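Please look first at the sequence and the structure shown below.

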Amino acid sequence: MNRSSESYENFISFSDEQLQQAAYAVREALIISLPEPDEIEHEFSASFSSKITALIKREKNQRNIMHIMRGVAAIFLAVLIGSGLWLSFDAEARADFVWWVRSVYENSVLYEYFGNRKVGVLPKCEFGWLPDGYVKAIENIGEESGAVLFTSNDGEDIVFFYGYMYVGSDSEILTVSDNKIIYESVKVNGNSADFYLDSGENEANILWWIDEESGIAFDLNSLLGKEAMIKIAENIILK
Amino acid sequence: MLIYMQMIASDEDKSKFEQIYLTYRKLMFFVARSILKNDADAEDAVHTAFVSIIAHLEKISEINCPETKAFAVIVAECKALDILRSKKYMSDTEFSEATAGFEIELPGDGGLSDAISKLPARYREVILLRYAYGYSTKELGKMLGHSQETVQKLIWRAKMALQKQLKEIGETI
């Protein structure tokens with residue numbers, strides 16, 4: 001069955017109002033599932049307060065470290081420009097410098113971005129190549145980020161997200177899989193890219209990459225293998 | 001308690017926070033404990049949850065009501081799962097159970113409500129906080145420690161997971 005591209009609202013069969021009513025019902029069910037406080041036997045430990053202090057201090061220190069890192073990045077950039085050592089001869093590229101920090105957790109990876117946001121409306125993505133049988137089902141493009149869903153007759157999806165990189169923005173690669181995730185550094189059109197292979201059979205693999213020229217980060221989620229996902233990525237045209 | 005009080009500006013908020021703390025700390029501990037399986041980690045989760053709650057005190061109008069009760073528990077669940085995620089060593093069984101979050105009795109509509117209840121905890125949390133409590137994606141980002149775009153992506157994925165569930169059971173809304 002072929003489907004032409006539909007709006008997000010048409011693909012999702014429930015409205016936000018229905019979702020809200022359903023969420024209310026789940027909240028009621030959550031409350032019913034809880035015991036009475038009197039039934040819970042626990043004396044909070046003497047170390048509770050000291051742990052609270054340690055957690056608050058640790059959070060403050062982490063924020064300070066991030067501020068320092070951003071400060072260092074700004075200073076480093078200023079030194080590069082000031083010293084004339086900037087590698088690109090394109091004057092516009094100096095203002096478009098972006099970089100990122102990757103933090104790895106048990107079942108997710110967080111990319112935090114730095115640098116100046118590109119001026120202009122987020123471009124649409126045209127997919128020059130897709131495996132046979134996939135058609136676009138949803139396209140949802142905003143000012144800062146966009147999402148596209150492709151589906152196949154086999155019921156397998158390709159989910160594509162993209163958005164501008166700039167200081168304060170981030171992107172989290174999430175999995176709800178409890179399988180082992182194997183990481184590999186790859187390239188997409190010569191740009192840095194990360195591939196995450198889920199060792200399970202029915203969990204999506206993820207390809208994350210950037211396009212330095214446009215200042216956009218992308219991630220692709222599908223059951224396809226690395227080569228196919230890189231091929232999709234390398235055939236995306238920004239319009 | 002003193003640590004929390006230093007973070008709060010007004011006397012009115014101090015009183016409100018104290019009441020929330022006394023009313024819900026055990027329930028929050030109970031939920032966190034059910035996920036983390038040990039007291040020390042559960043207390044850590046409760047503490048982190050209260051730090052988040054302090055940041056959104058102005059949104060809590062009534063303390064002794066089902067909505068606030070559920071809110072406190074949802075935030076505690078979020079933080080418990082965050083702790084579980086950051087732990088280095090974990091058995092597969094433990095994480096599978098935790099991925100599902102705190103077990104909720106199904107609402108029993110055989111449709112969208114049941115589907116939300118069955119979502120992985122990360123998706124269920126954002127759906128409840130967004131649609132039952134009306135938090136914006138920006139506010140959720142601050143509460144959950146993510147960017148607004150990551151929250152939007154989470155919500156997007158949650159809706160797709162719901163749609164997939166409904167399709168599998170042949171349910172149309």
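A nonpolar core is a set of buried Ala, Val, Leu, Ile, Met, Phe, Trp, Tyr and Cys residues joined through C-beta atoms within 7 Å. The model examined here is predicted.

The largest nonpolar core contains 57 residues. Within this core, Met28(B), Val31(B), Ala32(B), Ala72(B) and Ala76(B) touch the most other members. Several helices each supply at least two residues of this core: from chain A there is helix H2 (16-33), and from chain B the contributors include helix H2 (11-36), helix H4 (66-86) and helix H9 (148-168). The core also draws at least three residues from each of domain 1 (1-103) and domain 2 (104-173) of chain B.

Which residues does Ala72(B) touch, when residues up to four places away in sequence are not counted? They are Ile20(B), Tyr24(B), Leu27(B), Met28(B) and Ile53(B).

A second, separate core has 38 residues, including Val109(A), Tyr111(A), Tyr164(A) and Ala193(A).

Attention now turns to the strands of chain A. Seven of them form an open sheet in the order E4-E5-E6-E11-E10-E9-E8, with antiparallel pairing. At the edges stand strand E4 (134-141) and strand E8 (181-188) of chain A, each of which pairs on one side only. On average, neighbouring strands of this sheet are turned by 15° against each other, direction ignored.

One pair within the sheet may be followed in detail. Strand E9 (residues 191-198) and strand E10 (residues 205-211) of chain A run antiparallel and are joined by four bridges. Ala193(A), named above as a member of the second core, has Trp209(A) in E10(A) as its bridge partner.

Notes:
Residues numbered from 1 in each chain as written. Chains lettered and ligands numbered in written order. Predicted model: local features only at pLDDT ≥ 70, side-chain atom pairs only at ≥ 80, totals over all residues. Buried ≥ 20, exposed ≤ 12 C-beta atoms within 10 Å, placed from the backbone. Domains from an automatic or database assignment. Contact = placed C-beta atoms within 7 Å. Pairing = 2+ DSSP bridges. Axes fitted to C-alpha atoms, helices over the stretch in contact; angles between N-to-C directions.
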